[in-house]
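Student: I have a new structure open and would like to go through parts of it. Can we start with the strands and then look at the helices?

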Amino acid sequence: MFDVIVIGAGHAGCEAAAAAARRGARVGLLTFRTQDLGQMSCNPSIGGVGKGHLVRELDVFDGLMARAADRAAIHRRMLNRSKGPAVQGPRVQADRSLYQAAVAQLVAAGGVEVIAAEALRLRIGDGRVAGIETSRGFFGCRALVIATGTFLDARIFVGEDVHEGGRRGERASVPLGKQLREIGLGQGRLKTGTPPRLDGRTIDWARLEEQPSDSDEWNMSALDDGVRPPQLRCAIARTNDRTHAIIRSAFHRSPLFAGAIEGRGPRYCPSIEDKVKRFGDRDGHQIFLEPEGLGDALVYPNGISTSLPADVQKDFVRSIAGLERAQIVRPGYAVEYEFVDPRRLSSTLQVREIAGLFLAGQINGTTGYEEAAAQGLAAGLNAAAHALDLAEIRFDRRSSYIGVMIDDLTLQGVSEPYRMMTARAEHRLSLRADNATTRLGPAAIEAGCVSKRRRRQIDEHWKLRGTTAWAETGEARADALYAPYVERQQREWDAVRRDSAVWIPADLDYAAVPGLSAEMVERLTAARPETLDQASRIHGVTPAALSAVYVAASRRAAA
């Protein structure tokens, strides 16, 4: 019997398991293979614009990702360095093996019990989860987090070759996907993809533009473990007209265009064949050639994700300057998988209809390691709260990117894989990557999920803010730069918040609320907002509808 069981040991699952354990829960982490903890299935990189903000916020709550990234960082780059601090994004290229080893060590240090087994069927009774049937028998629990990533009833596509699998060489989670559809949680299918891996020894690096690591040293985590792996250079290549002609000639062999793939892929990270089709007027697309590790010859060509046949991949790769003799070690592929409508979740990431069941990661319609890990943190903290009768942890979109993401998912839902960007945050001037400790440190301490070392770091950070030395930090200068704009924005939001904090009863029957049209009833019932503020951000909900809901909620509160 566990307090919390987590299914899936990817970025969401590992963060969820570790977060629940930090709150005192006995945690079991279920995975096909124990050696897969923290595996970087796609690009071996962490962070970026928006994504780096999530990683810094995770770190404040003692999450794993930032520390693991620092231990494995072989290339550091602060993106948007020429722009304002609010939209700068820390990003590291990680040694795949070092990162995986760091995650495994951090999970083990947290006391999580790793179980090698296949999840077969949830046991649910009286509207609450009771445990999981596995290939090794039944395991009971008080709360359960599903973090299956791209494995839920998944299929892999390489041209005309289609087979079950959530990642190259690994099987899909079919029985669990079937059950989720049976109980009405399966929403549909989404698609993601990965590029071919190249043998770096067959690349003509001298013909490519070099991209060195940043000269100034900075960390993802506020806790410096003192680990500094050697830094490698990346390089930039570019597709050309010949590349595009080869790809166009093979459109009829692409599962993406032949109708074999039903799910929609990420808008902001399209496959190369999608780029060529959609942006036919472009004479080329950038490719970032990123080494996968210090002792590994594999190179990740970021920018040419594809599901075209292997022979076509070879032809178009070799049409690119510097890659004329490049050997493909593993072809790229697409993965199509089942997801759940995130509007079925509360802001704690608990399924509304099933007490104790939480969902995190790509099962909720997101894409990316960072989005998955941030959801894992929220789900793990709240799964422990459910199991141990602790305070729930809710992230506010005004104080965190994690809050922005969860708010967007649970209120708006998704029609394509959701990717975090700074443009999604209306308060982005104050939600910077450099001030995560200031924004979230007190909340992390109150949540009871941080180590003594982390608490000392947060306390020392706040003590520094009261000294004259504070004015010399990067963070203080950014505060001063944005202060007039933040103050004006705050005045505007204060006017809205006077009434927006009104809580809406979870069981409010919108069909019975006078003055609501059928369309408004449908939108509000699907989103199930918890406050009037959340209701105001549901697409298409009118001011008149908000007024009707406010009256109904106020009457219930006064009754």
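Student: In β9, which residue is the bridge partner of Gly-131?
Tutor: Gly-140 in β9 is the bridge partner of Gly-131. Keep in mind that this is a predicted model.

Student: How many bridges join β8 to β9, and do they run parallel or antiparallel?
Tutor: Four bridges join β8 to β9, residues 137–146, and the two strands run antiparallel. They form a hairpin with two residues between them.

Student: What about β7 and β8, in which sense do they pair?
Tutor: β7 (residues 119–125) and β8 (residues 128–134) pair in the antiparallel sense, over six bridges. For Ile-124, the bridge partner in β8 is Val-129.

Student: Which residue in the hairpin of β7 and β8 takes a positive phi?
Tutor: Asp-126 does, with a phi near 55°. That hairpin has two residues between the strands.

Student: OK, helices now. At what angle do α3 and α4 pack?
Tutor: About 140°, with the axes of α3 (residues 65–72) and α4 (residues 96–109) 8 Å apart. That angle makes α3 oblique to α4.

Student: Is the crossing of α3 and α4 left-handed or right-handed?
Tutor: The crossing of α3 and α4 is right-handed.

Student: Which residues meet there, in α3 and in α4?
Tutor: From α3, the residues include Met-65, Arg-67 and Ala-68. On the α4 side, Leu-98, Tyr-99 and Gln-105 are among them. By class, the contact of α3 with α4 has nine nonpolar, one polar and two charged residues.

Definitions and conventions. Residues are numbered from 1 along each chain as its sequence is written. This is a predicted model: local features need pLDDT of at least 70, side-chain atom pairs count only at pLDDT 80 or more; totals for chains, interfaces and linings use all residues. Side-chain values use heavy atoms; hydrogens and water are left out. Axes are lines fitted to C-alpha atoms, for helices over the stretch in contact, and angles run from 0 to 180 degrees between N-to-C directions. Angles under 35 degrees count as roughly parallel, over 145 as roughly antiparallel, 65 to 115 as roughly perpendicular and the rest as oblique. A crossing is left-handed if the near helix is turned anticlockwise from the far one by less than a right angle, and right-handed if clockwise. Contact means heavy atoms within 4.5 Å. Ala, Val, Leu, Ile, Met, Phe, Trp, Tyr, Cys and Pro count as nonpolar, Asp, Glu, Lys and Arg as charged, and the others, Gly among them, as polar. Two strands pair if DSSP finds at least two bridges between them.
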